[in-house]
Amino acid sequence: MAEKEREVSESERILLTPKHLRSAVWRFFGFWSVKGEIIDKTNVICKLCKKPLLYHSTTTNLRTHMQSCHPEEFSRECNEEGPALKQSRVTTFYTSNTTPLPSAKQEEITQKLTEFICKDMRPISIVDGEGFQNFVRALNPRYNFPSRGTVSNRIAKLYDCTAKSVKELLNNRSVALTTDGWTSLHTDAYVTVTAHFISDDWEIKNYVLKTEELREKHTAENVSECILQILGAFEIKPESVISVTTDNAGNYVKAVESHMKRPNIPCLAHTLNLAVCKGLRGVRSIETAISKLKMTAAHFSKSAVDSYLLEKKQKQLEVKSDKLINDCPTRWNSTYDMINRALEQQAPVAAVIFEKKMSHLELNTSEWVLMEMVKNVLQPFKTATEALSTDKYPTASAVLPLQHVLLMQLQPNSDDSSAVKEMKMKIAADLQGRYPNEKQAFMLLNTASYLDPRFHRLNHLPEEQKKQVRAKILSELTTIMEEAKNERTDAVKQPDARKKTALSAMGNLFDDVYSQTQSSSEESIKALEHEMDMYDREATLPADENPLSWWQKSCGMYPHIAQLAKTYLTIPGTSVRAERVFSSAGNIVNKKRSALAADQVDRLVFLTNNM
């Protein structure tokens, strides 16, 4: 073909575009031909610049040449004024933005939207927000937004589905509860109940059962009825409740102990806060210094000018730019936080007070020294509260050991001033009486401590009380073993549909005689005592280790004690879980949604905490 091309003169050659090449780009290209016959089918010629290009049955390189060398002609002819393409572009197979989504995909996105609203505590009206709709359309313009009513219905269905799952998880389980009361911005009163248990994988699970509106007066009787109704909604029998942790409110304590007949566990965090408040009250020098700190914090929170001046002094003195903290009697450790922050910001605050001539807010040197000593006394209480502010690890087992440690640290020493000694004595006296020996909670908490490998030596108890705890545990283990044996006996006595054999007849003949000999109650008690002795000889687990991880590895060595540990280590030592529920409820029932119906509040709080 090349030889033929050399013999043909240039004037005889013409550019030919075969008719079957219908793409618009071919109007700019052709093959050299003579008398209608193509000379070379591997090269095409640009009609604008006569440049040859390789051709391998696609037009990619042709389009690239036009876009790079002749962009204006290509844009004008092919995109604007050119005829419609005979061959469809790939993009024509894409779905149009106006085409609705498949029903399955639409349903999936709506479900995720409902979960987003519940989990992140967003208002249902977010589906009508222009900004939110623009954001979703940028992700998927074909999504059809549901109405508020649709989302409300989806929330109700999601609640029913989740509540059913929670009910199945709690079926036939021993659970520990926490409960507390809360009042919304709309002055609606609610009672919240949370349930806790340890799973088969030795993990603590907790669920918010209900946030029930209580319209009647919050008497012990009404509170107990409300709690029992919540338990009934989840088919939890009152006798399967191990204990109920409350914040020491008299009506809740009476509701649990007198009406529900269940052990009440006082919240340790709240107990420590009450003890500290009583210790600080009545000590004149401490009250005077704390009063000045409170007035100083209040002044800077209200004066924007002095706040800016404080920031300026902090930068000049190279002190961290933190705002002062004010004391709040109901907020745990707020007095410690206020004193600690005031000591950190002492220099810049003093500079502002001096410049503004606010001498009534100024603490003298002896008062600052006193505040430093008070801070050191309160620091262990802050640490103890933080250590128990968790719902992932056992906390009830640490309550009495922590009380013992704190009481030891409250012993007066020679360096203490008279004011600090008096404060220590008042805190210790109040803390000592919070968990009396005659209360049911005392033995319950000691049992939990024994079953926790961090505290199983019971070093916080005298020898006589240690023996009482061990005797109680041995009695419970014996009861568990007897119940298990009775269940096996009942299973054997049930009629068997299988065909009788000579061996089965032999078993029926000798079973009663020999099984009683092998499974006598004395041998069972000896086996349990041996198991407890082995457990007592175990090395103490470090306090910062997770006892549930230890039990997961050791439950095979101590099967009966492990069964008891799974029950008692469930108990929460604080009502932190219920307090956190109120934090989420406060975000849900805010100023813009203060008129939410009680049922909707319950659903949203439930889903926010349980999804």
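Contact here means heavy atoms within 4.5 Å. This is a predicted model, in which local features need pLDDT of at least 70, side-chain atom pairs count only at pLDDT 80 or more, and totals for chains, interfaces and linings use all residues. Residues are numbered from 1 along each chain as its sequence is written, and side-chain values use heavy atoms, with hydrogens and water left out.

1. **Overall fold.** The chain has 24 helices and ten strands. These are DSSP runs numbered from the N terminus: helices are H or I with at least four residues, strands E with at least two. Of its 611 residues, 43% count as buried. Buried means under 20% relative accessible area, exposed over 50%, and partly exposed in between (1.4 Å probe, protein chains only). Among contacts with a separation of 6 or more, 66% join residues 24 or more positions apart.

2. **Lys210.** This lysine sits in strand β8 (residues 204–213). Lys210 counts as buried because its relative accessibility is 16%. Beyond its neighbours within four places in sequence, Lys210 is in contact with Tyr159, Val191, Thr192, Val193, Ile230, Ala233, Phe234 and Asp602. With Tyr159 there is a polar contact, side chain to side chain, at 3.4 Å. A polar contact is a pair of N or O atoms within 3.5 Å; within protein, one must be able to donate a hydrogen and the other to accept it, and residues adjacent in sequence count only if both atoms are side-chain atoms.

3. **Second largest pocket.** Its volume is about 600 Å³. Of the 23 lining residues, Ser174, Ile480, Gln563, Leu564 and Thr567 are the closest to the centre. Elements giving two or more residues to the lining are β7 (189–198), β9 (241–246), α17 (440–450), α18 (463–493) and α22 (559–568). A pocket is an open set of points on a 1 Å grid over the protein atoms alone, where a 1.4 Å probe fits, with protein on both sides within 12 Å along at least five of seven lines; lining residues have an atom within 4 Å of a point. The volume is the space filled by probe spheres set on the points, which are joined across faces, edges and corners.

4. **Cysteines.** The whole structure holds zero disulfides (pairs of cysteine sulfur atoms within 2.5 Å). For Cys328, the nearest cysteine sulfur is that of Cys277, 9.5 Å away. Cys328 is partly exposed, at 23% relative accessibility. Cys226 is buried, at 4%.

5. **Glu545.** This residue lies in the loop between α20 (521–536) and α21 (547–554). Glu545 is partly exposed, at 41% relative accessibility. Pro453 is 92 residues from Glu545 in sequence, and 9.6 Å from it in space, C-alpha to C-alpha.
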